[in-house]
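Subject: A structure for you to look at

Hi,

I'm passing along the structure we talked about, and I hope you enjoy looking through it. Please open it first, and then read on for what I found.

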Amino acid sequence: MVSSKFLALAATASLALGSPLPLPAGFRLSLREDRPFNASLPNVTIFATGGTIAGSASSSDQTTGYQAGALGVDVLIDAVPELWNVSNVRGVQVSNVGSEAVTPAVLLNLAQRVQAALDDPLCQGAVITHGTDTLEESAFFVDLVIRSEKPVVFVGAMRPATAISADGPINLLEAVTLAADPDARGRGTMIVLNDRIGTAFYTTKTNANSLDTFKAVEQGYLGFFINIKPKFYFAPALPWKKPYFDVTNATSLPQVDILFGHQALNPALATAAVASGAKGLVLAGMGAGGWTTEGDAAIDEVIKNNGTAVVYSRRSMDGYVEPEGDIEFVYGGGLLNPQKSRIMLQLALYAGYEDAQLRTLFELDG
Ligand code: SIN
């Protein structure tokens with residue numbers, strides 16, 4: 001059940017839309033009379049996609065099994081009046097789903113709208129609210145396809161908006177504060193939860209339930225928050241060899257599937273994935289990308305018959321996977337986990353990368 005506060009705010013949200021004041025396109029007045037549009041503050045656009053941060057449960061102690069993506073972006077914004085102290089905000093509803101339902105079409109739509117917002121000189125930064133389960137995939141995707149120095153910040157929550165001690169409001173306030181901060185420029189796409197700032201390139205969800213879940217264990221955080229203010233450990237820097245892919249005109253992406261490595265794995269899954277349309281495969285391999293002898297034989301077969309690109313990644317939390325030799329269409333995932341390797345391969349195949357380009361894509365050398 002949505003709280004009466006949320007419902008009251010949602011009901012009055014439309015009143016502000018017809019404001020006669022000269023606001024930047026899409027921006028609206030705060031619903032609070034003491035928080036007028038402030039021309040001296042930065043302007044941040046919040047793109048909402050759904051997830052637990054927009055989730056609604058039937059009681060304040062329910063933190064699993066609730067409906068993710070139940071509340072609209074205006075409700076999220078109006079639940080945090082402190083936003084208006086740091087930025088003017090406008091909300092854009094891109095989708096309202098659990099993040100397992102985010103598709104390439106949603107990602108492309110999101111990325112194209114974020115790029116358009118950032119290209120507007122009146123916009124200082126973008127925030128994307130997202131379910132945490134696949135947040136790292138969307139954040140990684142956006143990191144690879146946006147061309148801007150302006151901050152792009154992904155934010156989610158581990159507790160639904162209706163929970164006691166919901167983490168969404170403070171996470172959203174910190175995310176907007178970060179997006180509005182000039183010191184956040186030039187750092188690529190970032191992820192904010194639990195008072196931490198991580199790079200979208202390396203950060204992953206490490207715990208299914210804990211608030212302290214988003215980490216890059218080896219690469220660490222970019223910074224943290226004190227009194228809602230971001231503090232950075234380092235001057236702006238980007239991940240080594242981070243590529244850029246232009247998806248301005250993309251309407252779809254090639255299918256890339258992930259196969260999970262384990263004892264007695266079924267080699268036929270590789271053939272089945274390719275038969276169902278996969279143009280690329282990512283293997284969540286054992287150890288540093290290990291696969292079984294029978295599994296490797298099946299992989300060799302799909303490469304020979306279909307020219308399928310295959311990235312060997314690892315099922316372990318961290319580590320570097322090198323390619324084994326110079327076999328055509330076989331690559332090591334480097335530092336990227338399977339879910340990030342999948343996005344990277346998908347974008348590279350969309351961009352028409354040939355074998356030689358794919359070979360250097362994941363490696364740190366050069
Ligand atoms: C989701 O990913 O949409 C649900 C879980 C969450 O946001 O924490």
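Which backbone atom of Asp-133 lies 2.9 Å from an oxygen atom of the ligand? It is a backbone N or O atom of that residue. Please keep in mind as you read that this is a predicted model.

The side chain of Thr-132 has an N or O atom 2.4 Å from one, and a polar backbone atom of Ala-157 is 3.3 Å from an oxygen of the ligand. On its own, the ligand would expose 250 Å², and the protein buries 92% of that. The residues around the ligand are Gly-51, Thr-52, Gly-98, Ser-99, Gly-131, Thr-132, Asp-133 and Ala-157. By type, this shell has six polar residues, one charged and one nonpolar.

Now for the sheet. Eight strands form an open sheet with mixed pairing, in the order β2-β1-β3-β4-β5-β6-β9-β10. At its edges are β2 (88-97) and β10 (229-232), each pairing on one side only. Neighbouring strands are turned against each other by 25° on average, direction ignored.

Within the sheet, β3 (residues 125-129) pairs with β4 (residues 152-155) in the parallel sense, over four bridges. Val-127 has Val-153 in β4 as its bridge partner.

Helix α4 (residues 104-119) lies across β1 (43-50), β2, β3 and β4, and runs at about 170° to β2. Helix α6 (residues 168-179) also packs on the sheet, and its direction makes about 155° with that of β3.

Happy exploring!

Technical notes:
Residues are numbered from 1 along each chain as its sequence is written. This is a predicted model: local features need pLDDT of at least 70, side-chain atom pairs count only at pLDDT 80 or more; totals for chains, interfaces and linings use all residues. Side-chain values use heavy atoms; hydrogens and water are left out. A residue is near a molecule or strand if one of its heavy atoms lies within 4 Å of it. A polar contact is a pair of N or O atoms within 3.5 Å; within protein, one must be able to donate a hydrogen and the other to accept it, and residues adjacent in sequence count only if both atoms are side-chain atoms. Accessible areas come from the Shrake-Rupley method with a 1.4 Å probe; for residues, only the protein chains shown count as cover. Ala, Val, Leu, Ile, Met, Phe, Trp, Tyr, Cys and Pro count as nonpolar, Asp, Glu, Lys and Arg as charged, and the others, Gly among them, as polar. Two strands pair if DSSP finds at least two bridges between them. Helices (H or I, at least four residues) and strands (E, at least two) are DSSP runs, numbered from the N terminus. Axes are lines fitted to C-alpha atoms, for helices over the stretch in contact, and angles run from 0 to 180 degrees between N-to-C directions. Contact means heavy atoms within 4.5 Å.
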